[in-house]
Amino acid sequence: MSKNCLFCKIAKGEIPSYKIYEDEKIFAFKDINPLAPIHILIIPKKHIVGLDTVSEEDEKILGNVQIVMSKIAKQFPEMKNGFRIVNNCGADGGQTVLHIHYHLLGGRVFSWPPG
Ligand code: AMP
Ligand code: ZN
């Protein structure tokens, strides 16, 4: 828990969110500014700043995050043909909240390359 971290507060229920999934170590909620029909953020409850600061000890939780994202995606018929996972890392990656999070986007076709 980092004292002034928005996503730590959301994971603890101190700031309201539209919860999609929760277990002991992972929390998922709707993005407040959806960029697709389905836009969910998945976070470890542990305060990790970003993919640029992870360590070996995070191997299990980051693996579990991927399994959870797969399970969530399966619950939405809009994602039966696929979905997009995004992690924005650091200033150049466009990260605005410094608590690692994965965007699960679905319900439309996504283009490549990204902007
Ligand atoms: P990023 O730009 O990758 O750091 O993503 C941060 C995301 O958090 C953005 O898509 C925001 O719309 C989203 N966001 C910011 N504040 C909230 C909030 N209170 N509840 C849900 N999502 C939020
Ligand atoms: Zn945090």
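**Exercise 1. Determine where ligand 1 sits in this predicted model, and describe the space around that site.**

Step 1. In this predicted model, ligand 1 sits in the largest pocket, and the space in that pocket comes to about 720 Å³.

Step 2. The lining of the largest pocket is made up of 31 residues, and those lying nearest its centre are Asp 31, Leu 35, His 39, Asn 88 and His 103. Sorted by class, the lining holds 16 nonpolar, 11 polar and 4 charged residues.

Step 3. To place the lining on the fold, look for the elements that supply at least two residues each, which are H1, E2, strand E3 (38-44), strand E4 (84-86) and strand E5 (102-106). The largest share, 3 residues, comes from H1.

**Exercise 2. Identify the residues around ligand 1 and state which elements they come from.**

Step 1. There are 16 residues around ligand 1, and Asp 31, Asn 88, Thr 96, His 101 and His 103 come nearest. Asp 31, Asn 88 and His 103 are also among the residues that lie nearest the centre of the largest pocket.

Step 2. By class, the shell around ligand 1 consists of 7 nonpolar, 7 polar and 2 charged residues.

Step 3. Ligand 1 sits in the largest pocket, and the elements giving two or more residues to its shell are helix H1 (6-11) and strand E2 (26-30). H1 gives the most, with 3 residues.

**Exercise 3. Find polar contacts of ligand 1 that involve His 101, His 103 and Ile 32, using a cut-off of 3.5 Å between N or O atoms, and then state how much of the ligand the protein covers.**

Step 1. Begin with the histidines: a polar side-chain atom of His 101 is 2.9 Å from an oxygen atom of ligand 1, and an N or O atom in the side chain of His 103 lies 2.8 Å from an oxygen atom of the ligand.

Step 2. Turn next to the backbone, where an N or O atom of Ile 32 lies 3.2 Å from a nitrogen atom of ligand 1.

Step 3. On its own, ligand 1 has 510 Å² of accessible area, of which the protein covers 83%.

**Exercise 4. Characterise the peptide bond from Trp 112 to Pro 113, and locate Pro 113 relative to E5.**

Step 1. The bond from Trp 112 to Pro 113 has an omega near 10° and is cis. As background, most peptide bonds are trans.

Step 2. Pro 113 belongs to the segment after E5, and E5 is itself one of the strands that supply at least two residues of the lining of the largest pocket.

How values were computed: Residues are numbered from 1 along each chain as its sequence is written. Chains are lettered from A and ligands numbered from 1 in the order in which they are written. This is a predicted model: local features need pLDDT of at least 70, side-chain atom pairs count only at pLDDT 80 or more; totals for chains, interfaces and linings use all residues. Side-chain values use heavy atoms; hydrogens and water are left out. A residue is near a molecule or strand if one of its heavy atoms lies within 4 Å of it. A polar contact is a pair of N or O atoms within 3.5 Å; within protein, one must be able to donate a hydrogen and the other to accept it, and residues adjacent in sequence count only if both atoms are side-chain atoms. Accessible areas come from the Shrake-Rupley method with a 1.4 Å probe; for residues, only the protein chains shown count as cover. On a 1 Å grid over the protein atoms alone, a cavity is a set of points where a 1.4 Å probe fits but cannot get out, and a pocket is an open set with protein on both sides within 12 Å along at least five of seven lines; lining residues have an atom within 4 Å of a point. A molecule sits in a cavity or pocket if more than half of its atoms lie within 2 Å of its grid points. Helices (H or I, at least four residues) and strands (E, at least two) are DSSP runs, numbered from the N terminus. Ala, Val, Leu, Ile, Met, Phe, Trp, Tyr, Cys and Pro count as nonpolar, Asp, Glu, Lys and Arg as charged, and the others, Gly among them, as polar. Grid points are joined across faces, edges and corners, and a volume is the space filled by probe spheres set on the points.
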